[in-house]
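Me: I have a structure open and would like to talk it through. Could you help me make sense of it?

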Amino acid sequence: MQPFFTAFLHDDSGAVTVDWTMLGAAAVGLSLATAAMLTDTLDIVISRVDNELRTQQMSDDFVQFTSAHFEPLYAFGNVDAETAESLFTIANNMMNQEILDGLAWGLEQMQSGAISSNDMVALYAVASVAYQRNLVPDQILEGYFGFAPSANGDASAAGDMHAAFATNE
């Protein structure tokens with residue numbers, strides 16, 4: 001029986017299979033470890049890029065104060081040009097989502113008749129910026145604020161809408 005065990009101990013015909021199995025397991029283990037490390041690193045990089053994109057806004061130097069957008073408010077004595085321009089500047093410094101949220105709130109208040117004169121002036125400023133940045137379809141802003149001139153060149157739709165608002169105050 002001793003020669004059988006000695007022969008068994010010296011037999012190396014299956015050693016290659018064990019070697020390749022161990023090498024394969026090591027390769028899989030290294031792949032999994034690398035993937036785990038890269039996943040954490042990629043999550044950090046993605047988070048940083050996402051944060052950077054959310055905090056940065058493209059240059060909007062093309063957005064300029066348009067006094068004509070405030071004509072109905074001038075006509076009813078709600079605001080003067082200097083105040084309108086300063087409110088426009090404040091609105092132009094807002095992020096796009098803030099503008100959209102402000103528009104949504106203002107239009108809800110306007111439709112319910114609960115908007116004050118000061119809020120209406122601020123809403124016009126926000127709408128003017130949204131119009132120039134193309135944040136909302138033009139038809140919506142034209143319908144509520146009359147920013148697009150009519151055939152005779154005036155902003156009569158906005159004047160009519162604001163006149164209705166002024167009678168409700």
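Me: Which residues touch the most other members in the largest nonpolar core?
Reply: In this predicted model, Phe70, Leu103, Leu141 and Phe145 touch the most other members of that core, which has 27 residues.

Me: Which helices each supply at least two residues of this core?
Reply: Helices H3 (71-75), H4 (81-92), H5 (96-112), H6 (117-133) and H7 (138-145) each supply at least two. The largest share, ten residues, comes from H6.

Me: What is Leu141 in contact with, leaving aside its neighbours within four places in sequence?
Reply: Leu141 is in contact with Leu103, Ala127, Ala130, Tyr131, Val136, Gly146 and Phe147. Of these partners, Leu103 is also among the residues that touch the most other core members.

Me: Back to H6. How many of its residues are buried?
Reply: The count is 13 of 17, and H6 is thus mostly covered. From its first C-alpha to its last, H6 reaches 24 Å, close to the 24 Å expected at 1.5 Å a residue.

Me: What follows H6?
Reply: Asn134 follows H6, and its place is in the loop between H6 and H7. Asn134 has a positive phi of about 60° although it is not a glycine.

Me: How does that sit with the general rule for phi?
Reply: Most residues other than glycine have a negative phi.

Me: Is Asn134 buried or exposed?
Reply: Asn134 counts as exposed because its relative accessibility is 58%, and the cut-off for exposed is over 50%.

Me: And Leu135, where does that lie?
Reply: Leu135 also lies in the loop between H6 and H7. Leu135 counts as partly exposed, because its relative accessibility is 24% and that class runs between the 20% limit for buried and the 50% limit for exposed.

Me: What does Leu135 contact beyond its neighbours within four places in sequence?
Reply: Leu135 is in contact with Asn96, Ile99, Leu100 and Ala130. The C-alpha atoms of Leu135 and Leu100 are separated by 7.5 Å, although the two residues are 35 residues apart along the chain.

Me: Why does His69 count as buried?
Reply: His69 counts as buried because its relative accessible area is 6%, and buried means under 20%.

Me: What does His69 touch, not counting residues up to four places away in sequence?
Reply: His69 touches Tyr124, Ser128, Tyr131, Gln132 and Phe147. Tyr131 and Phe147 are also among the contacts of Leu141.

Me: Now the surface. Which residues form a nonpolar patch there?
Reply: Val16, Trp20 and Leu23 form one, with about 370 Å² of accessible area together. Val16 is found in helix H2.

Me: Finally, the overall picture. How many helices and strands does the protein have?
Reply: The protein has eight helices and zero strands. Buried residues make up 24% of its 169 residues. The protein exposes about 11300 Å², and carbon and sulfur atoms supply 60% of that area.

Me: What about contacts between residues 24 or more positions apart?
Reply: They account for 65% of the contacts in the protein with a separation of 6 or more.

Definitions and conventions: Residues numbered from 1 in each chain as written. Predicted model: local features only at pLDDT ≥ 70, side-chain atom pairs only at ≥ 80, totals over all residues. Heavy atoms only, no water. Buried < 20%, exposed > 50% of the residue type's maximum accessible area, 1.4 Å probe, protein only. Contact = heavy atoms within 4.5 Å. Patch = residues over 30% accessible without salt bridge, like charges linked within 9 Å, V, L, I, M, F, W, Y side chains within 5 Å. Areas by Shrake-Rupley, 256 points an atom, 1.4 Å probe, with all protein chains shown as cover. Salt bridge = Lys/Arg side-chain N within 4 Å of Asp/Glu carboxyl O. Helix = DSSP H or I, 4+ residues; strand = E, 2+ residues; numbered from the N terminus. Core = buried A, V, L, I, M, F, W, Y, C linked by side-chain atoms within 4.5 Å. Expected span 1.5 Å × (residues − 1).
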